[in-house]
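Please consult the sequence and the structure shown below while reading.

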Amino acid sequence: MDRLSGSLTPVELRAPGSWQIGTVNSIKRETPHVKSFRIELPMWMPHLPGQHYDVRLTAPDGYRAQRSYSVASSPLDEGEIELTIDRLDDGEVSPYFHDVVVEGDEVEVRGPFASYFVWRGEAPVLLVGGGSGVVPLMAILRHRRRAMPGISMRLLYSVRSAEDVIYADELGGDAVLTFTRKPPADWTGHVGRIDGALIAKSGLDSGTAFVCGSNGFVETATHLLLEAEFEPERIRTERFGPTG
Ligand SMILES: Cc1cc2nc3c(=O)[nH]c(=O)nc-3n(C[C@H](O)[C@H](O)[C@H](O)COP(=O)(O)OP(=O)(O)OC[C@H]3O[C@@H](n4cnc5c(N)ncnc54)[C@H](O)[C@@H]3O)c2cc1C
């Protein structure tokens, strides 16, 4: 039921739920290194686009590892969340999801969290993502398409090569891509790292900006947005990892 259609205000910020056991309903391979997991939650509550969940793994000897993963789905998908996970070869949690978890498995999660990196219906909006940093931005884009399609929103998405594009089948005219290493053979768009020209191409020079990716990506993109005269207090950032 689309009870949130047309407005984001019914989604109140509440205390996140306690740990619960979700069931992995489906797994989609997005790229060679990235998979999306649709997880059904017994104590589901609507999230704000941009929020994340914590995931906890417990080994037979009691050892625990906990990581955060952004919700990729719209809160209109009642009863479930989608998490999109990039596999880090030397990681603890992300390879477990990729190599061990299968459909029907149970996973322990808690959320939703975050009150700052969330979209509450502001407009216009510029989304700037690098690599798996596109995940929470996709939740915002998906929700806008379904709940508030009239709002002006663009996604600038920096990705290494064609095979690394997450959600490739969902990126339409509201997304502008740049390929930093290997663009597709017939590519006529932007290549190389995100720059002022790419931000100008978005057609948005004011409003709220959401930036997500590695530390280095977020630093660079924020600097460029400030140069493009976005107001500092309207630039929200989320950093995923320690590398630049
Ligand atoms: C709020 C928030 C939301 C996040 N959302 C997502 C998401 O939607 N999808 C997603 O794939 N990840 C997301 N992350 C990153 C995620 O929480 C983990 O850090 C990541 O999956 C690595 O965990 P791991 O156990 O596999 O690797 P670890 O065992 O933690 O680390 C292995 C090695 O990789 C390095 N490393 C750790 N994290 C990263 C990273 N992100 N990039 C590059 N190197 C890293 C470590 O320094 C270490 O050398 C999010 C992080 C935060 C804080």
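## Basis of the report

A polar contact is a pair of N or O atoms within 3.5 Å; within protein, one atom must be able to donate a hydrogen and the other to accept it, and residues adjacent in sequence count only if both atoms are side-chain atoms. The structure is a predicted model, in which local features need pLDDT of at least 70 and side-chain atom pairs count only at pLDDT 80 or more, whereas totals for chains, interfaces and linings use all residues. Residues are numbered from 1 along each chain as its sequence is written, and side-chain values use heavy atoms, with hydrogens and water left out.

## The ligand and its surroundings

For S68, the polar backbone atom is 2.6 Å from an oxygen atom of the ligand. On its own the ligand has 900 Å² of accessible area, of which the protein covers 76% (areas come from the Shrake-Rupley method with a 1.4 Å probe; for residues, only the protein chains shown count as cover).

Two or more residues of the shell come from each of β4 (64-70), β5 (80-86), α1 (93-99) and β12; helices (H or I, at least four residues) and strands (E, at least two) are DSSP runs, numbered from the N terminus. The largest share, four residues, is that of β4. There are 22 residues around the ligand, and R67, S68, Y69, V93 and S94 come nearest; a residue is near if one of its heavy atoms lies within 4 Å. By type, the shell comprises eight nonpolar, eight polar and six charged residues. Here Ala, Val, Leu, Ile, Met, Phe, Trp, Tyr, Cys and Pro count as nonpolar, Asp, Glu, Lys and Arg as charged, and the others, Gly among them, as polar.

D164 is located in the loop between β8 (153-161) and β9 (175-182). Its relative accessibility is 19%, so D164 counts as buried (buried means under 20% relative accessible area, exposed over 50%, partly exposed in between, with a 1.4 Å probe and protein chains only). The side chain of D164 forms a polar contact of 2.8 Å with the side chain of S161. Beyond four places in sequence, D164 is in contact with T31, H33, Y157 and V159, where contact means heavy atoms within 4.5 Å. T31 is 133 residues away from D164 in sequence, yet their C-alpha atoms are 5.5 Å apart.

H190 belongs to strand β10 (residues 190-191). H190 is buried because its relative accessible area is 12%. Its side chain makes a polar contact of 3.0 Å with the side chain of D195. Residues touched by H190, when those up to four places away in sequence are not counted, include L177, T178, F179 and K201.

## Backbone features

One joins G111 and P112, with omega about -5°, and P112 is part of strand β6 (residues 106-113). The other runs from A123 to P124, with omega near -10°; P124 is in the loop between β6 and β7 (125-130).

Positive phi values occur in two residues other than glycine. Y167, in the loop between β8 and β9, has a phi of about 60°, and Y167 is buried because its relative accessible area is 0%. E229 has a phi near 70° and lies in the loop between α4 (215-227) and β12 (235-239). With a relative accessible area of 67%, E229 is exposed.
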